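Trainee: I would like to go through the terms used for this model and see what each one rests on.
Mentor: Go ahead.

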Amino acid sequence: THPFAAQMSQQAAQACARLGVPRLTFTRKPWTPASDDRWIEVPDIEAAVDALGEKPTHVFLTVGRLSLGAFKRAPQHTYVARSIDRPEPSELPPQCRVLLARPPFALADERALMQAEAFDFICTKNSGGAATENKLLAARELGLRVIMVNRPQAPEGETLFDLGEVLEWINAHRPPP
């Protein structure tokens with residue numbers, strides 16, 4: 001499951017427990033801040049909206065189209081929301097422009113976008129992975145503040161980030177022939 005698919009992950013864990021089936025979580029490694037990053041880590045989208053504060057700012061949203069509606073309660077900010085799929089207009093905060101794009105994103109392109117837009121904040125979920133990490137590298141280079149939404153609590157159990165290790169785990173848990 002996706003790192004932010006909390007309900008689906010819980011349901012998978014419950015189903016495996018009920019059936020006595022071994023379960024492993026295979027996901028992307030979360031991003032971690034470097035010493036010169038300006039991250040504000042928050043537990044959820046609602047806290048991310050709060051972290052923007054009351055003063056009007058210019059915000060780059062890369063939180064996924066299903067999370068954009070939360071920012072409607074902070075209409076004083078201007079937003080640029082990047083999404084793979086077009087969000088429903090009714091779910092967008094006011095003063096929001098949408099960029100439709102699919103990763104991966106080149107570092108030079110991320111840097112150019114951030115400089116052209118003069119963002120005050122980047123708001124993103126800690127999904128991990130290389131395809132979208134360049135936004136964080138560009139933010140670091142430019143000294144931009146990043147509001148990082150931490151992953152929800154995952155079900156108890158083993159988590160691996162490496163496909164080779166996952167294949168070893170599968171072989172170790174394979175029932176006898």
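Mentor: Gly20, whose phi is positive, near 70°, follows α1. Helices (H or I, at least four residues) and strands (E, at least two) are DSSP runs, numbered from the N terminus. This is a predicted model, in which local features need pLDDT of at least 70, side-chain atom pairs count only at pLDDT 80 or more, and totals for chains, interfaces and linings use all residues. Residues are numbered from 1 along each chain as its sequence is written, and side-chain values use heavy atoms, with hydrogens and water left out.

Trainee: How do you know that the span of helix α1 agrees with its 14 residues?
Mentor: The expected span is 1.5 Å times one less than the number of residues. For α1 (residues 6–19) that gives 20 Å, and the end C-alpha atoms are 20 Å apart, so the two agree.

Trainee: Which residues of α1 are buried?
Mentor: Ser9, Ala13 and Cys16. They lie on the same side of α1 because their arc around the axis is only 65°, taken from the directions from the helix axis to the C-beta atoms. Gln7, Met8, Arg18 and Leu19, on the other side, are exposed.

Trainee: Why is Phe26 called partly exposed?
Mentor: Buried means under 20% relative accessible area and exposed over 50%, with partly exposed in between (1.4 Å probe, protein chains only). Phe26 has 40% relative accessibility, and therefore counts as partly exposed. Its place is in strand β1 (residues 25–26).

Trainee: How much of the protein chain is buried?
Mentor: Of its 177 residues, 40% count as buried.
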